[in-house]
Amino acid sequence: MSASFSISNCPVCHCTDFITFKDVPDWLVSREVFEISQCASCGFKFTNNAPLENDIGPYYNSEEYVEHSDTKKGIIFSLYHTARKIMLRYKSKKIEKLGVGKKLLDIGSGSGYFMHHMAGKGYATAGVEISEKARSLCQKKFDLAAYTPAEFLEKKLDTDFDLITLWHVFEHVYTYNEYFELFHTSLKKNGVLILALPNSDSIDAKMYGKFWAAYDTPRHLWHFTPKTIEAFASARGFVLIQKHRLPLDPFFNCMVSASYKKKFTVLPITLTKALWAYLVSLTNIDRSSSLIYVFGKSDEVEETQNFT
Ligand SMILES: [Zn+2]
């Protein structure tokens, strides 16, 4: 058996005592079952024994891995592409309201849609993307170049960013401490870090259990909740400033989860569940399917922030 990725200390509270949370198959590619473990002290969840970073490539080999695709076939993926347009506007409005500067680094920039959208609003954008195919699409389609993660980690990029964004990306990152250190050094004094993450405390996670699409083992290594990401970031010099819903995620997650459960044909039931998940999130943001977290550097926030 090949070596696997495991952690011996909780990245949030350093506890060494873990319990089994759930066994979750890789529905998308391999059908292998991975255990999600949970810190017995703080509740932080992670995929235990995921493949090592050098061995994870084949687990992304799915035509259906829409994050890097630019195709428009199938109902879920057509909806995904339409949703992307709506979400680009939603994200940019939230960002413009922050009132910080306009130098932006998007990590996990994919085919460059977000960079392109923000460039159209006057932002100077840089991207970091692991997939060569996505980097080349980004160049071809938008004439925007993205760096490789190695170039980012080797500090070959400019610094002094006003914003660093990771849209559903950080849950894939192996070297989380290196990344957080670089977030800190690459951001200006008043800069903000924006992480969009699935919420394993969400109502749709509870409804679908091991079929929940956003467990996405073994590609998702970390299964944050509002509580655990706040503590995780706080331990690394960041303080939470704002939280926002990602209002379309319950619909996307419920539809993909239902397809894993082979219940996608019962569309009205799936949509009712998604609507319920959305309505619950309106009354309790911490039960949202996914959240956008806005962090500032903790040593700067007190004197600088007037965020609403
Ligand atoms: Zn812990």
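What follows is a short exchange on the overall fold and on one set of paired strands.

Trainee: How many helices and strands does the chain have, and how compact is the chain for its length?

Mentor: Bearing in mind that this is a predicted model, the chain has ten helices and 13 strands. Its radius of gyration is close to the value that the globule rule gives for 308 residues, so the chain is as compact as a globular protein of that length, at 19 Å.

Trainee: Among contacts between residues at least 6 apart in sequence, what share joins residues at least 24 apart?

Mentor: Contact here means heavy atoms within 4.5 Å, and the contacts considered are those between residues at least 6 apart in sequence. Of these, the share joining residues at least 24 apart is 72%.

Trainee: Which strands pair with β3, and in what sense?

Mentor: On one side of the account, strand β2, residues 18-25, is joined to β3 by seven bridges, and the two run antiparallel; within this pair V24 stands opposite F34. Strand β4, residues 45-48, pairs with β3 over four bridges, with Q38 standing opposite K45.

Trainee: How many residues of β3 are buried?

Mentor: Buried means under 20% relative accessible area, and by that criterion strand β3, residues 33-39, is mostly covered. Of its seven residues, the number buried is five.

Key: Residues numbered from 1 in each chain as written. Predicted model: local features only at pLDDT ≥ 70, side-chain atom pairs only at ≥ 80, totals over all residues. Heavy atoms only, no water. Rg over C-alpha atoms; globule rule 2.2 N^0.38 Å. Buried < 20%, exposed > 50% of the residue type's maximum accessible area, 1.4 Å probe, protein only. Pairing = 2+ DSSP bridges.
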